[in-house]
Amino acid sequence: MRLRSRGLPTPALDGSKGEELWLAGLAAVPGRPPAMPGSAGTGVRFNENGDAPGRYDIFQYQVSNTSNPGYRVIGQWTNNLRLNVDEMQWSGGDRQIPGSICSFPCKPGEIKKMVKGVPCCWHCELCDGYQYQMDELTCDMCPFDMRPNPNRTACRTTPIVKLEWHSSWAIVPVFLAILGILATSFVVITFIRFNNTPIVRASGRELSYVLLTGIFLIYLITFLMIAEPGAVVCAFRRLLLGLGMAITYSAMLTKTNRIYRIFEQGKKSVSPPKFISPTSQLVITFILISIQILGVFMWFAVVPPHYIIDYEEQRPPNPELARGVLKCDMSDLSLICCLSYSIILMVTCTVYAVKSRGVPETFNEAKPIGFTMYTTCIIWLAFIPIFFGTSQSTEKMFIQTTTLTVSMSLSASVSLGMLYMPKVYVILFHPEQNVQKRKRSFKTVVQSTIKGSVKSNDKQNGEASQIDPDNSQ
């Protein structure tokens, strides 16, 4: 700022006359500075020392918020200070008068950090993360199932979420499962309707119904994975998650193992191998299935099924986005353990499918089972990196549930489409092919197959008459 003195007008007095009048005026009013009219018409006063009071203009140099930078008059001084506050400017162009205090009061959610050596001064610091303001000097963490309110003065309950039926994560799996259930039901009804026809009998009726049951359960698990978690839902998840696949691949493994043993035995002897009758095949299949069921019930005994609210899965740095996830108490490891037996059956079945790739194409679904297992393995090899690659995502549960259910539905669809849809097509649209073919003995079938493979390694799809599994011993 700058002050500028303003000269005061004095009366028009000449010589000794003026001095006399001035001295007379001082003596006229004792104890009071005299006032007399000046040349400008304003009163002229003198203090007790005979001095005229100063008058000053107060200037401030202003740069911001003005089109003409320079000094501007913001007040005057004439015995007292008069400031035009509205015309003043402060740092940053602010026109509000700065507070003449050490520290301002802290806002809600902020605590005081005292300045060392200055007891009355402090800095305000915001409680961050999942902290709230416990008092004016302390931040404290909210309980694990809570988050701070917007002004961080208290804690509030964290919202709970679950996989909803109308969610985009659920629509695709549910759609695939519904189509799969309808297709499986259609195949079962067709097989029951034409139960005694040659194609149904040649496919192994008993194992076919077992396999179709497993495929149906694989589609059904999608609805349990999306349903709201509870003790009953979690128990059925554990039971059916691996059971449907165990039933399906136990039946396929039994079929491929039977085909492999038949033709391996044919290289050594003309007598058929043991345990290839329908009853034996069912017994072997149910023994394999019982291992999965036994493991699940042991799991029930060790850790009873229950649900939890996981507050760690969706706990980002911003507490406004925090959510508790309602889910069954199944870790990634326990889920993989639940499916591990089915994966072992799948891999073993694939090995037998590879070993049996040289048998006649028409011999009890050897080739379709092989193609089914190759495709299934590709699906699950794609599933593993997607499932474990999303373990750090805030939507981990939704992504993993969708990935798992879609992979299972695709596996079931491959089995249903490659093994049974061609048979249903022939049964319904080409009944003339659904006729009994001339049966040949086990010795004739095996010897003709071996002879054909020896003649040419390129003829691995040579023809052979079907053996009726219902009559195999």
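Modeller: Start with Trp77: its bridge partner in S6 is Leu81. A word on the source before going further. This is a predicted model, in which local features need pLDDT of at least 70, side-chain atom pairs count only at pLDDT 80 or more, and totals for chains, interfaces and linings use all residues. Numbering runs from 1 along each chain as its sequence is written, and side-chain values use heavy atoms, without hydrogens or water.

Leu81 belongs to strand S6. Strands (E, at least two residues) and helices (H or I, at least four) are DSSP runs, numbered from the N terminus. S6 covers residues 81-83 and runs antiparallel to S5, with three bridges between them. Two strands count as paired if DSSP finds at least two bridges between them. The hairpin of S5 and S6 has two residues between its strands. In that hairpin, Asn79 takes a positive phi near 70°.

S5 (residues 70-78) also has S4 (residues 55-62) as an antiparallel partner, joined by eight bridges. Asp57 is bridged to Gln76 of S5. Gln76 turns up again at Leu81. Setting aside residues up to four places away in sequence, Leu81 touches Ile58 and Gln76; contact means heavy atoms within 4.5 Å. Leu81 and Ile58 are 23 residues apart in sequence, with their C-alpha atoms 9.5 Å apart.

Thr405 sits in helix H9 (residues 396-419). Thr405 is buried because its relative accessibility is 1%. The side chain of Thr405 reaches the backbone oxygen of Thr402 at 3.1 Å. Beyond residues up to four places away in sequence, Thr405 touches Pro173, Thr222 and Met225.

Next, the nonpolar interior. A nonpolar core is a set of buried Ala, Val, Leu, Ile, Met, Phe, Trp, Tyr and Cys residues joined through side-chain atoms within 4.5 Å. The largest one has 57 residues. Leu241, Met245, Trp380, Leu404, Met408 and Tyr420 touch the most other members. Helix H5 (residues 231-266) gives the most to this core, with 13 residues. Apart from this core lies another, of seven residues, including Leu163, Ile226, Val325 and Phe398. Back to Trp380: leaving aside neighbours within four places in sequence, its contacts include Met245, Leu404 and Met408. Ser407 and Ser411 are also in contact with Trp380.

There is also an open sheet of three strands, in the order S13-S15-S14, with mixed pairing. S13 (160-161) and S14 (307-314) are the edge strands, each pairing on one side only. S14 pairs antiparallel with S15 (residues 323-328) over five bridges. Across that pair, Ile309 stands opposite Leu326 in S15.

Finally, the chain as a whole. The chain has 11 helices and 15 strands. Of its 473 residues, 42% count as buried. Among contacts with a separation of 6 or more, 64% come from residues 24 or more positions apart.

Technical notes: Buried means under 20% relative accessible area, exposed over 50%, partly exposed in between (1.4 Å probe, protein chains only). A polar contact is a pair of N or O atoms within 3.5 Å; within protein, one must be able to donate a hydrogen and the other to accept it, and residues adjacent in sequence count only if both atoms are side-chain atoms.
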